[in-house]
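Welcome! Please have a look at the sequence and the model below before reading on.

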Amino acid sequence: QENEIKLLTAEIERLKNFGCLGVSPSLEGLRDENAKLKYRLNFLQKSLQEERSKTAKSMININSCLQEIFGAAIQAAYPDLENPPLVVTPSQQPKFGDYQCNSAMGITQILLKTKEQKVSPREIAEKIAKNIPANECIEKIEIAGPGFINVHLRKDFVSKQLSSLLINGVQPPAVGKRKKVVVDFSSPNIAKEMHVGHLRSTIIGESMCRLFEFAGYDVLRLNHLGDWGTQFGMLIAHLQDKFPDYLTVSPPIGDLQAFYKESKRRFDTEEEFKKRAYQCVVLLQSKNPDFIKAWELICDVSRKEFQKIYNCLDITLIERGESFYHEMMKDIVKEFEDKGFVQVDDGRKIVFVPGFPVPLTIMKSDGGYTYDTSDLAALKHRLCEEKADILIYVVDSGQSVHLQTVFAAGQMIGWYDPKVTRVAHAAFGVVLGEDKKKFKTRSGDTVRLIDLLEEGLKRAMDKLRDKERDKVVLTAEELKAAQTSVAFGCIKYADLSHNRLNDYVFSFDKMLDDRGNTAAYLLYAFTRIRAIARLASIDEQMLRKAAREEVLILDHEKEWKLGKCILRFPEILQKILDDLLLHTLCDYLYELATTFTEFYDNCYCVEKDRQSGQIVKVNMWRLLLCEATATIMAKGFDILGIKPVQRM
């Protein structure tokens, strides 16, 4: 039994990083201690096998593999160095190999500063090279210039990884223990229409969720609706006047935006109405059933309008607005008071956070709560109740100081440790018109999002008809699918292909252009790639059989370049998981498409008789490279929320 305990302990230690230490309820029925240990060991071994099976199918992150190899080499060469720099990047030119390790320069500086040793980077590079452990991916290394280590990958290694991709599909790289991610995005206000300003948060947030879900995280997608506050007083008062029988007959509010403007005009100009609006707020907050019903009616009208947009853009969200946190707010105030963080200023209860000049107001002088209070309540609930390991707020850059103050307050009061829990503001810039000013209609109003989407559909159809796709190429059903794919795909891609930190210029003409880094270009490229095998009468079953039997030959320089580009997908995804900048994926997909074009122009996939046009030879390994390219592109599109079509 002691031996079994030792074995079990070793197994548990070995499995800690795999998140496999869940306890089965059936353990309770096992009385005998020895039987429990045997059962537990069997459970752990089975979990490990499942994890290994999943890991075996995962795409390998070649950059991470090389970092491990060079990390071990640097450790062996310089065992006394703490945290030596580890820099591995893809080479920009074929003459410098496939990857480069540029750590030698950094180590030179460290040795000079910490040990006063003057050693040339080239000498350090040579020492690192001598200590590279045995591995399956490096063919040879060369030291160039002052100390760059150029890495040449083994062709059989790259070929094997491509075959694995074709057999197993695009499997995410192993991420270890499954973590919980909460993403706060979209977040429009009730009784106000979604406008172009909500576009970026909605598109960026959806794509981030898709990426984390693909990588194996447990993702909670939250829509922090503005569904509570003093504005509901004037809306309910106006509802009572305009539709007095609202409790029994559902009010036909067709245009909620106009309804909101009417109530706001009355609030600003009619003193009696203003008083009644304040009374309505009090009755709503005290949970009077009639006023709750009025509030729910107004929220439902908004929800239906929001859902039309979410359906168009294929957005999935769980609604958890400000009202969800209302009951928690008094406890938030009490917790900050109990810990001595609250000061009273002219009747307001405020909290100063070190490093931030403007305090948080957690209670107004009239006893009401503020956005600061609801944001603190939301933060605590997500950290302490939802147990988020990663918390991402996809909110515009204008809220940066406010959110950083709220996050710092959460740290100050002890809700989370930033070394353990990642709380990030994924900020983004504004959408500009082609005049480089805030995107507005000609009359100066904010652009309604639904109008923008409808305009996108119209322009996409015009584009398809200009190319006469409606006449001979596509059926009516295929034309409709292509219209939707192009319209919404282009709107999403135009946003996601820009660095989210910057403002970006919204231009239908640019986003619908089928040249350059646009969704239109990539969607056309994808359908062309998918058509290559189809036109050669090679179906999916034949491709699957070939993937298991054929060796992917990578002798031509363009085959080699494409193969390596395909396999960079996991390192691209890892970079985005780290920095949350989705334009990196767009840049990669564009590079993959252009690299494929180079390959296709130089390497015959299907050879035809010049006279008859009959197929005389199918180079199956090249068709497999086409299939691998399309498979990666399809997964990239899926993460970006873009739906490709088979025919365009």
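Of the 648 residues in the protein, 49% are buried (buried means under 20% relative accessible area, exposed over 50%, and partly exposed in between, with a 1.4 Å probe and protein chains only). This is a predicted model, in which local features need pLDDT of at least 70 and side-chain atom pairs count only at pLDDT 80 or more, while totals for chains, interfaces and linings use all residues. Residues are numbered from 1 along each chain as its sequence is written, and side-chain values use heavy atoms, with hydrogens and water left out.

The protein has 24 helices and 16 strands; these are DSSP runs numbered from the N terminus, helices being H or I with at least four residues and strands E with at least two. Among the contacts with a separation of 6 or more, 72% come from residues 24 or more positions apart, where contact means heavy atoms within 4.5 Å.

**Two sheets**

Let us begin with the strands. Strands count as paired if DSSP finds at least two bridges between them.

Gln-100 has Asn-150 in β4 as its bridge partner. β3 and β4 form a hairpin with three residues between them, and Gly-145 in the turn has a positive phi of about 55°.

A second open sheet has three strands, in the order β8-β9-β10, and its pairing is antiparallel. Here β8 (342-345) and β10 (360-363) are the edge strands, each with a single partner strand, so one side of each is left without a neighbour in the sheet. The twist in this sheet averages 45° from one strand to the next. β8 is joined to β9 (residues 348-351) by four bridges, with Val-344 standing opposite Lys-349 in β9.

**Two helix pairs**

How are two packed helices described? By the angle between their axes and the distance between the axes. The table lists two such pairs.

| Helix pair | Angle | Axis distance |
|---|---|---|
| α15 (residues 449-466) and α17 (residues 476-496) | about 125° | 8 Å apart |
| α8 (residues 231-242) and α11 (residues 289-313) | roughly 95° | within 10 Å |

α15 and α17 are therefore oblique to each other (angles under 35 degrees count as roughly parallel, over 145 as roughly antiparallel, 65 to 115 as roughly perpendicular and the rest as oblique). The residues that meet include Leu-452, Leu-453 and Gly-456 in α15 and Leu-479, Ala-482 and Gln-483 in α17. By class, the contact of α15 with α17 has twelve nonpolar, three polar and one charged residues (Ala, Val, Leu, Ile, Met, Phe, Trp, Tyr, Cys and Pro count as nonpolar, Asp, Glu, Lys and Arg as charged, and the others, Gly among them, as polar).

α8 and α11 are therefore roughly perpendicular to each other. Phe-232, Leu-235, Ile-236, Leu-239 and Gln-240 of α8 make this contact with Phe-291, Ala-294, Trp-295, Ile-298 and Cys-299 of α11. The contact of α8 with α11 has nine nonpolar, one polar and no charged residues.

**Two buried residues**

Ser-163 lies in helix α6 (residues 155-168) and is buried, with a relative accessible area of 12%. Leaving aside neighbours within four places in sequence, Ser-163 is in contact with Ala-547, Glu-550 and Leu-552.

His-402 lies in helix α14 (residues 400-412) and counts as buried at 19% relative accessibility. Not counting residues up to four places away in sequence, His-402 touches Asp-372 and Asp-375.

Conventions: Axes fitted to C-alpha atoms, helices over the stretch in contact; angles between N-to-C directions.
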